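Here's a quick briefing to read alongside the model. Have the sequence and the 3D view open, and we'll go from the overall layout down to single residues.

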Amino acid sequence: MVGFAGATAISAFVAFPLLLILRIKVRELKKFQETATYAARHDTVTKTLNGTAFAAAVEHYMDRRKRIATDAGGVMIAVVIDTLDTISRRYGPQWADTVMQSLASIIQSSVRSGDLVARLATNELGVFLPGASVENAQDVGMRIRRRVAEAAFTAGDAPLSIGIRLGGAVFDGPADFNHIRQLADEMALERGGVETDEALPISRLPAA
């Protein structure tokens, strides 16, 4: 009986640290998986969604709303930074990255709760406003323009001039993501400069 009790005590003494180590390893593996998942979905510079994750999120929204027979509409906004290449060539890519980080932060502070922000290209950020009206999108566009204009951008001590173009595409139901993005880009490049009277030129996708 004493031998059995002793063996039990020894087993427990050995098993406890092993279980503790196993629990720590499981926790580390979970943290690693979370880090890997985040890295796969986010841009390394701006920490916003990357293009692939953004497209998947928009398409998931439209599919989910379609399944429950609810309006799947919304607005996508393209923010194109005209001066980013010039900044990169003159001051170095690290300053272009700093500008993108600042712009991403400004945009994230200008959107509504639940809106999505992503980096779609080297000099382009995208915003998805699920369920938004044209008026909602105009408000967001005006906030982005105003806050960018009010911000002070520098490369060291040198002031930077930041030129952005905004364009939007509104849709009322199921639509193709690439079509939405293409239309928003076209509006930004053709009519979205600072010289325009529209805070956010928006085009509406034809009903599917």
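Among contacts between residues at least 6 apart in sequence, what share joins residues at least 24 apart? It's 70%, where contact means heavy atoms within 4.5 Å. Keep in mind that this is a predicted model: local features need pLDDT of at least 70, side-chain atom pairs count only at pLDDT 80 or more, and totals for chains, interfaces and linings use all residues. Residues are numbered from 1 along each chain as its sequence is written, and side-chain values use heavy atoms, with hydrogens and water left out.

**Overall layout**

- The protein has six helices and eight strands; helices (H or I, at least four residues) and strands (E, at least two) are DSSP runs, numbered from the N terminus.
- Reading from the N terminus, the elements go α-β-α-β-α-α-β-β-α-β-β-β-α-β.
- Of the 208 residues, 39% count as buried; buried means under 20% relative accessible area, exposed over 50%, and partly exposed in between (1.4 Å probe, protein chains only).

**Strand pairing**

- Strand 1 (49-50) runs parallel to strand 3 (residues 116-121), and two bridges join them. Two strands pair if DSSP finds at least two bridges between them.
- Within that pairing, Leu 49 sits opposite Ala 118 of strand 3.
- Strand 3 also pairs with strand 4, this time antiparallel and over five bridges.
- Strands 3 and 4 make a hairpin with two residues between them, and Val 117 has Val 127 in strand 4 as its bridge partner.

**Nonpolar cores**

- The largest nonpolar core holds 32 residues, and Ile 77, Leu 103, Ile 107, Leu 129, Val 148, Ile 162 and Ile 164 touch the most other members. A nonpolar core is a set of buried Ala, Val, Leu, Ile, Met, Phe, Trp, Tyr and Cys residues joined through side-chain atoms within 4.5 Å.
- Two or more residues each come from strand 2 (74-81), helix 3 (84-91), helix 4 (93-108), strand 4 (124-130), helix 5 (134-150) and strand 7 (164-171).
- Helix 4 is the top contributor to this core, with seven residues.
- Leaving out residues up to four places away in sequence, Val 148 touches Leu 103, Ile 106, Phe 153, Ile 162 and Ile 164.
- Apart from this core lies another, of 21 residues, with Met 62, Leu 120, Phe 128 and Leu 183 among them.

**Aromatic pairs**

- A search of the whole structure turns up three aromatic pairs. Rings of Phe, Tyr and Trp (its six-membered ring) pair if their centres lie within 6.5 Å; planes under 30 degrees apart count as stacked, over 60 as edge-to-face and the rest as tilted.
- Tyr 61 and Phe 128 are an edge-to-face pair, 5.4 Å centre to centre with 70° between the planes.
- Tyr 61 is in helix 2 (residues 51-67) and Phe 128 in strand 4, so this pair ties together parts 67 residues apart in sequence.
- Phe 128 and Phe 171 have ring centres 6.2 Å apart and planes at 10°, so they count as stacked.
- Tyr 61 is buried at 9% relative accessible area, Phe 128 at 2% and Phe 171 at 2%.
- Phe 171 and Pro 206 are 35 residues apart in sequence and 7.5 Å apart in space, C-alpha to C-alpha.

**Two polar residues to look at**

- Glu 124 belongs to strand 4 and is buried, at 6% relative accessibility.
- Its side chain makes a polar contact with the side chain of Arg 181 (3.4 Å). A polar contact is a pair of N or O atoms within 3.5 Å; within protein, one must be able to donate a hydrogen and the other to accept it, and residues adjacent in sequence count only if both atoms are side-chain atoms.
- Setting aside neighbours within four places in sequence, Glu 124 has contacts including Ala 78, Met 100, Ala 118, Arg 181 and Asp 185.
- Lys 47 has a positive phi of about 65° although it is not a glycine.
- Lys 47 is in the loop between helix 1 (2-41) and strand 1, and counts as partly exposed at 48% relative accessibility.
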